Amino acid sequence: MKVYEQVETYMQKVGLKYIKNSNEFIAGLAYRTDKNYATRVATELNARGTGHSSGNAVFYKMKNESLEASIYISAAFDGGLFRHLGNLIIDNPQLFSGRVIDMGCDCGIVTCFIAQMYPECKITGVDINESAVENAKKLAQRLELSNVDFVCCDVYEYSAEEKADTVCSFRGLLDICFAKTSSLPFFGERGKRENMYCEAFSDYAKAVGDNLKESGNVLSVERYTADYGWLGWMLALENQGIYTNHEKCMEMRASDISSVKDYSVTFAQKSDGFRAVDTLNSVLSKNFKSGTGYDGYMAEFALYYDADGEIKFYDVFDGEKIIHQFACAKSQNGKYMYYDANSNKKKIKYINAKKKENADKNLTDNLSVYNSEKYKIDEYYTTV
């Protein structure tokens, strides 16, 4: 990935250094703070990795016990993302010529970069975490920035004195809306599932819209991807009269200390524009080839995008919880599609007419595993 010189210079100045592995991270954190703090952070991160964390509020309070700690932890887990964000910010100067609000700004790393890159803009960072806001103020002071300020406030309750030309949300959606989305399904009929996400995001989308000027812009880069949640987020914005720009929206991948993570990049404007599902189709169809088997989110996309007419679904429920989904349809090129999804996978296969009989038998065999005494199978059609 090519990174602009301004981005690398800023990251070096702030202290966002590349960290190779977890051992180096803990040692470096202990050196910059103290051993006890590093141990507490490691314990909490391990708990988060196994789904037993103390919650986002606890983690971010711990993360922001000092500016040095917050920046170092950010370098480990968001350093790759910050490089991408820096490039995006430089590539889109039209978004940063006036009043800007950065929702969920944490310790202000990206907020201050925008302020430094565009001294003519006036930018406000908003975060509910008091220690994060204090660190953001310290960072702005260290960088001698006069065009940025920070407000400690719940983003749901924030009301700017002057509405913004651009509202940004950088990786904020995951933490801000986590309580409302944590129990939502990873798979299931897409329209129903994404409407659940739309509802979960609706209050945040309203907060964005309420603080945005007419014809104002939105730029968000989020951990909710095409696999689940991104369409719901675009629908939530759409309900606020904020429509996406399908030519600029995209997928993004960024590395952190432990893995490569996927992100959705949403460009939108408070004006007429493209429907959310049209934007999703525009982005994902660029790398789509009919007749090719897919895993992951492209499997689900293929099912809805390539079906010719009806899709037949078989949703398997254990009580109220969907545990497996099968679907079949005829593709636009005449092949038959068989889709299989559960909490661990999404997969689609294309079958020619000669193999359809065997594929139908395999589907019947898979469904027969779920006896009617324990499981319920809903059969229905969706027209695309």
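How are α1 and α6 oriented to each other? In this predicted model, helix α1 covers residues 5–14 and helix α6 covers residues 109–117. The two pack at an angle of about 125 degrees. Angles of 65 to 115 degrees count as roughly perpendicular, and those over 145 as roughly antiparallel. The helices α1 and α6 are therefore oblique to each other. Their axes lie 11 Å apart. The crossing of α1 and α6 is right-handed. On the α1 side, the contact is made by Gln6, Val7, Tyr10 and Lys13. On the α6 side, Ile109, Cys112, Phe113, Gln116 and Met117 take part. Of the residues in this contact of α1 with α6, six are nonpolar, two are polar and one is charged.

Helix α12 spans residues 276–284. Its angle with α13 is about 115 degrees, and the axes are 11 Å apart. Here the crossing is left-handed. From α12, Leu280, Asn281 and Leu284 meet Tyr297, Met298, Phe301 and Tyr305 of α13. The contact of α12 with α13 holds six nonpolar residues, one polar residue and no charged residue.

The next element is a sheet. Strands of a sheet pair through backbone hydrogen bonds, in either a parallel or an antiparallel way.

Tyr314 has Phe326 of β11 as its bridge partner. Ala307 stands opposite Ser331, which also belongs to β11.

On to the pairing of β11 with β12. These strands run antiparallel and are joined by six bridges. Ala327 has Tyr339 of β12 as its bridge partner. Strands β11 and β12 also form a hairpin, with four residues between them. In that turn, Gly334 has a positive phi of about 95 degrees. How much of β11 is covered? The strand is mostly covered, as eight of its eleven residues are buried.

Phe96 lies in the loop between α5 (67–91) and β1 (99–103). Is Phe96 buried or exposed? A residue counts as buried when its relative accessible area is under 20%. Phe96 has a relative accessible area of 0%, so it is buried. Which residues does Phe96 touch, not counting those up to four places away in sequence? They are Ile89, Ile114, Tyr118, Glu120, Cys121, Cys168 and Leu219. One of these contacts is with Tyr118. Phe96 and Tyr118 are 22 residues apart in sequence, and their C-alpha atoms are 6.6 Å apart in space.

Methods. Residues numbered from 1 in each chain as written. Predicted model: local features only at pLDDT ≥ 70, side-chain atom pairs only at ≥ 80, totals over all residues. Heavy atoms only, no water. Axes fitted to C-alpha atoms, helices over the stretch in contact; angles between N-to-C directions. Parallel < 35°, antiparallel > 145°, perpendicular 65-115°, else oblique. Left-handed = near helix turned anticlockwise from the far one by under 90°. Contact = heavy atoms within 4.5 Å. Nonpolar A, V, L, I, M, F, W, Y, C, P; charged D, E, K, R; others polar. Pairing = 2+ DSSP bridges. Buried < 20%, exposed > 50% of the residue type's maximum accessible area, 1.4 Å probe, protein only.
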